[in-house]
Every structure is written in structure tokens, then in C-alpha cells.
Amino acid sequence: NVSAVSEFILVGLSDAPQVRFLLFVLFLIIYLATLAGNITILVAISTNTRLHNPMYFFLCNLSLLDILCPTITVPKMLEALLFENKVISFTGCMVQLFFLIDVVGTEIFLLAVMAYDRYVAICYPLQYMNIVNMKLCAHLAIGTWIAGFFNSLLHTSFIFILFFCDSNKVDQYYCDIPPLLALSCSPTYVSELVILTVAGVLGSGAFLVTLISYVYILLTILCTNSAESRHKAFSTCGSHLTVVCLFYGATICTYARTSSSYSPNQDRIVSMLYGIFTPLLNPMIYSLRNKEVKSTLRRMI
């Protein structure tokens, strides 16, 4: 008497008509601003040959990821808010889950690579171009995308083999691992163990690389004699580190835990931090405060 689930219902953010419309307008503006900011960065860097160096190469990859991440989840959320169409097929759910984990995982590794790039640039400025050449940059960037792909393939496979029956209401505005684990009729112990282990090892490893790189950067800055240079470097590194900690903290809090501790309301807030607001902030934090990028934008305008 048990029937398999062929589609899911995304609970979304609100059922009240007035609140739904306000949320639709708010998240549409945020989504369009995110696209505009990151596309502008991509165009600015690609059109200015002076910006064709390792740092901006990684920023292009980050902007591309920040376009993809909200695009995977926000359009479906906007559709649910405006038209109340909350249904998503089982296949559509798995595809959405795969691409989301792929992009989030790739960004985690890319942030670690970017932190290492800044570490070499600030701590070893005379050897920077020899150490971080464009060939190494290409290998590192490709490596982050490949690692994100296989990380996502592993996680999605363990969710795909689970059996879903009875309830098909996903307590989230998109398909994600914690709410799907909570819905499964199958034993989830093995899936949770693999997810916790992989997310813990890879996420913590990337975060440690990022953190150690910034510690060395800050120590190098403290040794400089110029107060103006120290203030500028502290401001830049502080902003970068804030966004990095926000992203890592939100993703680790979401995936590195058991399904028994799953809280739908908490997860919605946390997922918005890394899925919606961080892609909006990254162009302003990493690029739009940069003098070379701003001068390029002025020339473009």
C-alpha cells in the first residue's frame, strides 16, 4: 500500500497573498541586482587587458558562480510566490539539487584558492608572477570545478537512491539535502554519514586553507611601516574574510549535521545567506571597491 513519490511540493516562504507579493518584489530586485553586478564585473574584466591577471581571473570564476547559484533556486521561488506553482517533479528536484551542490562546492574550493592567491601576492610580492602564473591559475580553476562536480555527484547519488513515500512536502523553497533526508522513508544513516564526512573534511579543509592564508596576510600587513597601507589592507582583507566566514558558516551549518537536528525555519534563513545575499555582496566586496575595476566601469559607462 506504499506508493512512490513522483513529484514534490516546495513549501516556500509564505502563503499570505500580501506577503507573497512583497517577497516576490524584494527577491526579484535582489536577483536582478545580483545578475547586474556580476555580469558587469565579467564584462569589465574581459574588456580591460590590464585586468587579465590571476586575481581577476579568479574573480571572473567567482562572478560566474554567483550568477549560477541564485539562478538555480530563485526563479522557482519567484514562480511559487507569484503563481503559487510549488510543484516540482522528482527528476527536476534531483537536477536542481545536483547543480546547487555543484556550484556551492565549487565556490567553497574557489574561495580557498583565492585566499592562497592573495597570500602569495601580499607575502611574496616579488615572486608572485613566477609562483601564480596563468597556467597554474587555469589548473586551479579547473580543479575547483571538477572537485565541485564530483562532490555534487556523490551527494546527489546518495539522495537519489533513497525511497520517498507518504509526504512529499519539502520544507524549503528549493530542493536541498536536509529536507529531503527528513522526508525519506528509507534508512538515511549511510547517506548522512557520507554527507557529514565529505562535507566535514572538504569544507573544513578549504576553510582552514582560507583562514591560514588570511592569518599570514594579516601578520605581513602588521609588519609594514605605512599606516595608510595597513589601513587599506585591513579594510580589504576584513571585508573579504567577513564574506568568506559568512559563506562557510552558512554552508557548514546547513550540510554538516544530522537530519534529526533539521529545522525548516532556521534552514530557510541560513540558505538565503549563502544562496541569495552572498552572491549579491561579492561584487561589491571583491571588485567594485577596487580602483582599477571602478575606472574600467567609468570608461565603459
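This is a predicted model: local features need pLDDT of at least 70, side-chain atom pairs count only at pLDDT 80 or more; totals for chains, interfaces and linings use all residues.
Next, select helix 3, residues 90-123. This helix packs on the sheet and touches strand 1 and strand 2. Look along helix 3 and then along strand 2: their directions make an angle of about 85°.

Now widen your view to the strands themselves. Select residues 7-10 to see strand 1, which pairs with strand 3 in the parallel sense over 2 bridges. The sheet is open, with 3 strands in the order 2-1-3, and its pairing is mixed. Color residues 87-89 (strand 2) and 169-170 (strand 3) to pick out the edge strands, each of which pairs on one side only.

Time to turn to charges. Side chains of opposite charge can pair when their charged atoms come close. How many salt bridges are there? The count comes to 2.

For one of them, select lysine 76 and glutamate 79, whose closest N and O atoms are 3.5 Å apart. Both residues sit in helix 2 (residues 54-83), and because they are 3 residues apart there, about one helical turn separates them. Lysine 76 has 16%, so it counts as buried.

Your last stop is arginine 118 with aspartate 117. They form a salt bridge too, with the closest N and O atoms 3.1 Å apart. Here arginine 118 and aspartate 117 are both buried.

Methods
Residues are numbered from 1 along each chain as its sequence is written. Side-chain values use heavy atoms; hydrogens and water are left out. Two strands pair if DSSP finds at least two bridges between them. Helices (H or I, at least four residues) and strands (E, at least two) are DSSP runs, numbered from the N terminus. Contact means heavy atoms within 4.5 Å. Axes are lines fitted to C-alpha atoms, for helices over the stretch in contact, and angles run from 0 to 180 degrees between N-to-C directions. A salt bridge is a side-chain nitrogen of Lys or Arg within 4 Å of a carboxyl oxygen of Asp or Glu. Buried means under 20% relative accessible area, exposed over 50%, partly exposed in between (1.4 Å probe, protein chains only).
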